[in-house]
Amino acid sequence: MKNIIISTILLSFLITGCNKELKYVDTSAINPNIFPKTAKDVQAMVNACYYPVRGAWWDGINTTSERGLMMTKELQTGVLRGGVGGDDGNNTSMNYNPQTEAITFFYDFYHNSISTMTSYIGTIENSTIDMTDQEKQKALAEMHTARGLLCYDLFDLYGPIVVAPLEALENPLKDQPLARMEYNEMVNFIEADLQAGAQGLPSPADVEYGRFSTGFARMLLIRLYLHEKQWDKVLAQCDTIINMNHYQIDPDYVGMWAVRAAQNSPEVIWAIPCDYGATSENQWQMMSLPGNYPLQPGYGVIQSSWWFYDSFEENDVRKTNLITAYTGSDGVEYNRQNPSTFLNYGPRPLKMDGDWDRTSELSEVDIIQYRYADVLLSKAEAIANINGAPTQEAMDLVNQIRNRANIDDLPLAEYASLDKFIDMLLMERGHEFWCENGEYRADLIRYNKLTERVRLIAGDQFAEDYKILYPFSLPNIIEGKGAFVQNPGYN
Amino acid sequence: MLLVISAIAGIDNFERRKVPAGIPVRTIQGTVNDANTSLPIEGVTITVKGTTIATKTNSRGEFTLTAPDNSQSLVISSIGYILTEIPISSGSISVKLTPSATDLSEVVVVGYETMKKSDLTGAITTINADKLDKATAPDVSRMLQGKVAGLQILQNSAQPGGGLDILIRGGGSINASNRPLFVVDGFPIYEVGQPEGTDPLRYYTEGSLGTLNSLNPNDIQTVTVLKDASATAIYGSRAANGVVLITTKRGATGEAKISYSGNYSVQPYDNRWKLLPFKTWLQTHNDAGWENFLYQNQVAPWGSRTLEEAEANPVAGLYTPRFSQAFIDNAEQGTDWLGLITRTGSTMQHNVSISGGSEGVKYLLSGNYFKQDGVVRNSGIERGSFRANVDIKLNRIMKLVTSLNYNRVTNNNSQLGNDQYEKSGIITAALQQGPHIRARDETGGYPINPDAAIQPNPASLLTMTDKGRQEKLLGDVALDINPVNHVNINVKWGIDKSTFKRWMYTPTTIVRGRSEQGVADVINSDNNHYLLQATASYNNTFASKHKVDILVGASRERFIDDMDAQNATSFITDAFLMYNTGAATGKRTLSSSHVESEIASLFGRLNYNYESKYYFTFSLRNDGTSLFVQGHQWGLFPSAALAWDITRESFFKFSPEKISQLKLRLSYGEVGNSSIGTNAFAAYAAVPAYLSGTRQRVIGVRPDRLENPDLKWETTKEFNVGLDFGLLNSKVSGSFEYFNKQVSDLLDTKLLQSYQPINSVIANIGATRVKGLEFTISTLNLSRKDFSWRSTLNISRYKTTWDNRAPDWKPSIFEKDNDPVKAMFYRHAEGILQVGQKVPDAQPDLLPGQIIISDVDGFVRDDNGDPIVDEKGRFVLSGSSDGLIDDADYTLIGDESPSFSGGLTNSIEYKRFSLNFSFNGVFGRIMEDPNFMRYGLDASGIFSGGQNRFVNVLDRWTPTNPSTTQPSSYQGSSIYGNGDFFLQKAWFIRLQNVSLEYRLPDYLLKGIFSRIGVQVGANNLFLITPYKGMDPETDVYAAAYPNMRMFTFGLNFDF
């Protein structure tokens, strides 16, 4: 009897191994004990900083879809417009509040990527990983630039945001509500990041296609300084880029959006490479083309506005891919007179090559984010503002862009006042950069013209000046425990 | 398994109980029959009163017994019958047994062991599988619906083999699984679901499937539900949500018994979705287009413009109706999309079993084939299963007990889910595709709706291939040793191996397949679960008064899961399906994973009773899991219970004719939960992050999971009081339970500050409390010659609320510390804003035809108008309306969990007929009708998306139809929301099943068959509910699988 019990107990111990640590294996995860150790690991961390700013429907902020910056911003400029109701229509008419997820999600979804970059920058700065100073400096410059880019994008939509210091990130389980940055602190923070990029990144000639260069960091600085109306700084950065003597205006405007063309265009400052394999995606053809489009049907999600189309001069090549008429796969001719529900708000804003041979919903037309034309138009704007009125130099810069679009020079005399010049310049920006990065919205805001535009396109039912800044979703307010203050008007 | 071992041991003991030599004996012969049905009863125990001499009846109800000459009477007992005593007379004795409502001598599995029902101290319910309707569904859990107090089963999908939400005593856990542990023959079952497709732009979900589809219900002998913590604590770490013990049938000594049962069911599709008829649709298209014009151009009452102003400067051109009046007048028939995708469903089942055995070897072999084709085309399930249970007596003290079960379940998935646009499943697409689109065009293609170009043609979805196949091998072998009297040792080894394959192909006939030139998806998952377990038990009775039963044991389980998947696009032909991914010319995506984890346990239990009057149980289990970091891996789970059989007290004066049983039970126990679907360790993940300048994928490493070094077991502490009673000689019996359990250290994903790179972590986040009552009563309502009627009613009620929250919990202003776990927070809707009515101050943007929301409360704000917080960092309600509709206007209006649920089963026997029917019901429930919300409310989609809608849209508010019950098509544009406007009562009582069986008279059996039965039945015959949608149980989302009636014909015979 005793023996039996004793042997059972022994057997039990044999089975359970008693105090042994139980083993868990998950081969798909990387254990922090082995990462990062090598220069290759650091490169993987740098690559991860491109991840949130690439184009991907779910988690790449520059996706050419309803979840991307471009479409969201253009929905308020008149370049694109949504119909009645739905996320697109509500955005177009400024019908949103803190519970409108399509508007609040950019912050909710992407702002912690800034923290990832902060913590990666901290890791690299303090690391003893065997790598050259040059490698380390380049890695840090790319990370700073990515962080500056993401901060700028969110700052542009929401105003100052929460940027967590490294100390808060080192103890994630501790609940530390943070306030949004002070406005100037935010601007300085972005500026410092982009300056780090401008100093530390390779020149455009030496950088791999798709990667950040010093030219790109300076282009972003231009955008930041425009936003802040720091015209001297805009001018200085424009001149620095111009003096690189690297970028040129591409004579073929339309051709820049041919399949894989951006790679070879001298004008492109930064484009996001895309492939059919969905590593980084361009799905704009599906968004912009109607379901009965004959060559390849799209999802028919979005239209431009007839107002926008009518604002182009007749010979402007830049409206080439605003599709105003087509014979549908149902044999019906759709046009402005017979728009049905396909062209009723405006033309189809294809912008780019249809990539008609693709056997995928995705395209290999790369997503062009910034071009040299922006440098020239920004310089024109800076000169005019510094002088209090446009100069011939400023007008020449505008005309250089107009000429490439196959339209005539404008005489300075007709645009001699700053207001007239700026009105013309804004329209030119709209025509030049439509459906690229959506910065036209910031351009309009800079001159207090966004609400006016929304009223023009979608009526004045919901348009209010405070809605220029998007609201933050409620969880941010709640977790902030009083420290996080909502944008005015949304309380 | 142990039940069976003990049962076998019990039979052997009977055979040893012979009359001592030298005493004069007589032989007694007789037969035992059912008093109602007159059928012979097998396995009845015949005991000579005052002795231990006993025997059992054979399959013909016959017994032979050698008894001392001076014996006076026999005691006849059998599970399910009232105990009967008869005097011994000369000649053959004929006994008629009356079925009882319950039986206390019944043997019940209690985890690693069995006990007599009368000895139980915990809250346990046993269901005999004979009583279950096995014809219409593959998953045994379906059959338990409404049968057990405290076991709430809601069907969340009506598709063949559809999924079930199973809760024992409410869901106290928040994130950690609330599913009970299923133990089949002592083996904890490890159920895996069908793997999802890996296509990154994957279109459809397959709906949920029941997890026990792989178990053949016909193999089941009993199902035992362990409810309170004293009963479940022996299963420790995984018992937090209760335990369901399933025992399968095993062979018995005797000639081979061959049984067959088969049935065939039909399930007609009865369309209850009232879509607009074609003509009405055309007219409504024009009407909605005009409404859209007026609304969009802000023509009064939707704005301040006049019609003339709008037409002079329209937003998007002038409106011309799409369909001319002549076209509408001459329109004949639109496409009946629902008709195209539905059919009469059918179910077919064959079941054969052979059992028998000798002294040395007992066996049961069974095979089952089950096939169901659902009412939605392409949906179906097919199962083939084989079981071999073999018990071998090796020698005087050792027995080998083996079970081998193989089965194969093939699912045919139709594309379900409530996603829209490109992800529209077949029902969604059929409901919303405009009737003006044709199913096929002249070239045989599938036209799409150009207004909803992204949405697949519903008929095209029938060309999708989507199959899942699970193969499961469940095998175990146990060595049972009886070295000396009173001692039993059992060592068991087992494997539960599941492989699941999923094959999907989206052909070029479907929108997505066309743009990708075909998408193939192949997924393999391989899940292995190994068990090694040893138990030793000792039971004895001392001084005829002290009965002791001790069990100790240990087990170790390992889990090894592998998965690999491939996705490929662009094929020259659809004919390859997904079987030739090598021929893909488009993108290819590969993935694989491997996870191992383990659980180790030590456990013990002591049962003691004194004169079957006072009972005491104590158990302890120590469990370790590899999911937590070292130091938190092990958890200790104790329990104790007391029971007092009052009828055995000398002061108890009632006769059994009045009160036959009165037993009070008290228990307390602790159990654990660690099923979090992840682990507590930090990790980075490698992902394709970007493309190089030459379009090569470059890998980025991103933070993926935080370590939580403090993560520990979720623990349930449960207190239970129970009372078992029997009245009128057990004609009425039942039990009453009250329980109160606290689930502490709740495992859940805790939100960290959102700025953290990983802004959530698995953590112990607080505690919930579940309080409940359960009541079960079984009655023998009538018992006459050739007629009996028995009923069992069960009712259970529970309430699950938060008990405490994490210190850094971040509530919305309307949330309170002790809210229900499934709280329903809604704003109050007052009605619909009519033309001329003052626009509420708090809703400046509200338009006529939209819902008015009550401004009930507001935030306390500082001078800048920003809300302020209290010392805990939470926002504060001002207590009065503030002219804003915001979070402060939400109030707690209810609980998603029903306030109570119940079931009623009835069994009526008349001569050779038996009629069984059971109801189940769920009460105190409110919900929105998801179908109405999507298809009954808003007519604008008819115009803008060319979609169809329910006839309800004809009642919508328009300037000319100022409805007070249904808002306008533009309610969706109101930023103030719907409030509680659309909530409706959703309690229901369902006649779950009814079946009538007729057993052929003996003279027709010709001695070949021992029994032939013929059945007809119906399932889900009717529903009583105030709910206006399709079905309050399965309307889990819009366009859910329709839950239809089913009619069954069955045949069974035994050789």
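**Two chains, strand by strand**

Within strand β26 of chain B, Val595(B) is the bridge partner of Asp26(A). The model is predicted, so local features need pLDDT of at least 70 and side-chain atom pairs pLDDT 80 or more, while totals for chains, interfaces and linings use all residues. Residues count from 1 along each chain as its sequence is written, chains are lettered from A and ligands numbered from 1 in the order written, and side-chain values use heavy atoms, without hydrogens and water.

**Exercise: a link between chains**

Work out how strand β1 of chain A and β26(B) run relative to one another.

*Solution.* Start with the strands, which are DSSP runs of E at least two residues long, numbered from the N terminus (helices are runs of H or I, at least four). Strand β1 of chain A spans residues 25-26, and β26 of chain B spans residues 588-610. Next, check the pairing, which takes at least two DSSP bridges between the strands. Here there are 2 bridges, and the sense is antiparallel.

**Exercise: the interface**

Find how many residues each chain puts into the contact, and how much area the chains bury between them.

*Solution.* First count residues in contact (heavy atoms within 4.5 Å): chain B gives 110 and chain A gives 103. Now take the buried area, meaning the accessible area (1.4 Å probe) that two parts lose on being put together, summed over both. That comes to about 9,000 Å², with 57% of it on carbon and sulfur atoms. On the chain B side, Tyr690(B), Arg695(B) and Tyr755(B) lose the most area to chain A, together 11% of what that side buries.

**Exercise: salt bridges**

Look for the salt-bridge partner of Arg695(B), then find which elements hold Arg371(A) and Glu432(A).

*Solution.* Side chains of opposite charge can pair when their charged atoms come close. The rule wants a side-chain nitrogen of Lys or Arg within 4 Å of a carboxyl oxygen of Asp or Glu. Arg695(B) meets it with Asp366(A), where the closest N and O atoms are 2.4 Å apart. As for the side of chain B touching chain A, β26(B) supplies its largest share, 9 residues.

Over all chains the structure has 75 salt bridges. One of them joins Arg371(A) to Glu432(A), at 2.8 Å from N to O. Arg371(A) sits in strand β9 (residues 367-371) of chain A and Glu432(A) in helix α15 (residues 418-433) of chain A, so this pair, 61 residues apart, links distant parts of the chain.

*Solution.* Finally, β1 (residues 25-34) runs antiparallel to β4(B) over 7 bridges, with Gly30(B) partnered by Phe63(B).

**Exercise: a hairpin**

How many residues join β18(B) to β19(B) in their hairpin?

*Solution.* Locate the strands: β18(B) covers residues 345-357 and β19(B) covers residues 361-373. They run antiparallel, joined by 12 bridges, and Gly356(B) stands opposite Tyr363(B). The hairpin connects them through 3 residues.
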